[in-house]
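Open the structure in your viewer and keep the selection tool at hand. This short tour tells you what to pick and what to look for.

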Amino acid sequence: MNAPTMTAEARRLRRDKFLAEAGWGKADLRLLAGDASFRHYDRLTLDGKTAVLMDAPPPMENIRPFVRIGRLLKGLGFSAPQIFAEDAEAGFLLLEDLGDQTYTRELDAGGDPEALYALATDTLIALHRAMPAAELASLPVFDDARALREVQLLLDWYWPAHFGAPAPDDARAEFVAAWQQVLPKREAAPKSIALFDFHVDNLLALKGRAGIEACGLLDFQDAVLAPVTFDLVSLLEDVRRNVPWDLMSRMIDRYLAANPATDRDAYMAAYAIIGGQRNTRIAGTFARLLQRDGKPWYQRFMPRVWELIAHDIEHPAMAPVAAWYARYLPPQERTALATN
């Protein structure tokens with residue numbers, strides 16, 4: 001059971017005790033990164049060695065899923081960070097430092113997109129082959145009920161921020177009905193583990209490793225059981241980076257070529273539905289991050305979010321959702337929100 005929220009001072013003392021007991025009490029500590037959650041990461045340096053401290057304060061965060069999935073991935077031969085020490089009650093982890101060379105930085109420095117995305121796709125292929133059935137059975141299921149709750153973030157946050165009033169009841173009812181028609185069609189695709197946030201900011205290019213071990217995995221605590229298209233959608237329909245459409249197509253073909261028993265039509269329907277669901281959720285989440293959390297910088301990604309949604313709803317499997325968008329949120333109403 002998670003500990004109650006600590007004061008900042010109590011949490012600092014608990015952190016210092018944790019690091020001291022792990023042998024890193026005298027390390028220099030420098031902020032490494034934060035994200036849209038309450039987690040943040042610090043790099044520790046001691047006697048020429050480095051490690052990473054994950055600070056994930058309860059009750060907002062729970063490190064136990066990260067520990068479980070991280071050890072599973074490591075045991076299967078994937079490059080998740082080794083866990084050196086943990087304080088699950090307080091939300092501290094001491095992790096192997098896999099470096100700073102995220103896919104984002106590697107691509108910005110001129111890295112070969114074809115090779116990087118192929119490696120990430122091959123990592124998913126290998127992961128789906130390697131996952132033990134017992135582990136799959138223990139994962140939370142990304143079911144229709146959850147997917148339906150998530151897409152309604154668009155109505156809860158984007159709609160009132162954009163139109164200045166809550167979404168009308170008829171618009172919400174038709175929205176829910178459209179998604180209820182569409183979401184079950186995902187079930188035709190095979191299922192496996194989905195790491196959930198499998199994108200360029202959470203993947204590392206590890207130059208000293210070969211094969212799939214050259215793809216470092218950072219963010220997997222939200223792993224679920226979902227159609228095998230889920231993480232490839234996260235990778236390719238990445239609002240942070242405009243992946244060319246032809247590169248997307250080649251990576252989808254690469255995945256399917258490695259899985260010849262998978263029905264392409266069923267796969268592509270699931271891909272479009274998951275893409276549309278994910279990006280609709282993201283549109284609502286980015287509005288919430290602005291309106292509730294005072295984080296305006298995500299609005300710079302909104303043009304790409306809308307572009308991806310338009311692409312996803314073109315698939316015939318998405319026809320009911322496409323009709324809802326055409327009626328209630330046509331292209332001229334799909335914008336970034338004002339941030340001042």
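The stops below cover a helix, the nonpolar cores and a cavity in this predicted model.

Select residues 264–291. This is helix α11, with 28 residues. From first C-alpha to last it reaches 40 Å, close to the 40 Å expected at 1.5 Å a residue. Now show the surroundings. Of its 28 residues, 23 are buried, so α11 is largely enclosed by the rest of the structure.

**Stop two: the start of the helix.** Select D263 and D265. At the start of α11, a side-chain oxygen of D263 comes to within 3.2 Å of the backbone nitrogen of D265.

**Stop three: the largest core.** Select L195 and L236. Within the largest nonpolar core, which has 103 residues, these two have the most contacts. Helix α11 supplies the largest share of this core, 12 residues. Apart from this core lies another, of 12 residues, including A27, L46, A85 and L94.

**Stop five: the cavity.** How many cavities of 30 Å³ or more does a search of the whole structure find? The search finds 1. The largest cavity has a volume of about 40 Å³. To see its lining, select R39, M54, A56, E61, N62, I63, F66 and Q221.

How values were computed
Residues are numbered from 1 along each chain as its sequence is written. This is a predicted model: local features need pLDDT of at least 70, side-chain atom pairs count only at pLDDT 80 or more; totals for chains, interfaces and linings use all residues. Side-chain values use heavy atoms; hydrogens and water are left out. Helices (H or I, at least four residues) and strands (E, at least two) are DSSP runs, numbered from the N terminus. The expected span of a helix is 1.5 Å times one less than its number of residues. Buried means under 20% relative accessible area, exposed over 50%, partly exposed in between (1.4 Å probe, protein chains only). A polar contact is a pair of N or O atoms within 3.5 Å; within protein, one must be able to donate a hydrogen and the other to accept it, and residues adjacent in sequence count only if both atoms are side-chain atoms. A nonpolar core is a set of buried Ala, Val, Leu, Ile, Met, Phe, Trp, Tyr and Cys residues joined through side-chain atoms within 4.5 Å. On a 1 Å grid over the protein atoms alone, a cavity is a set of points where a 1.4 Å probe fits but cannot get out, and a pocket is an open set with protein on both sides within 12 Å along at least five of seven lines; lining residues have an atom within 4 Å of a point. Grid points are joined across faces, edges and corners, and a volume is the space filled by probe spheres set on the points.
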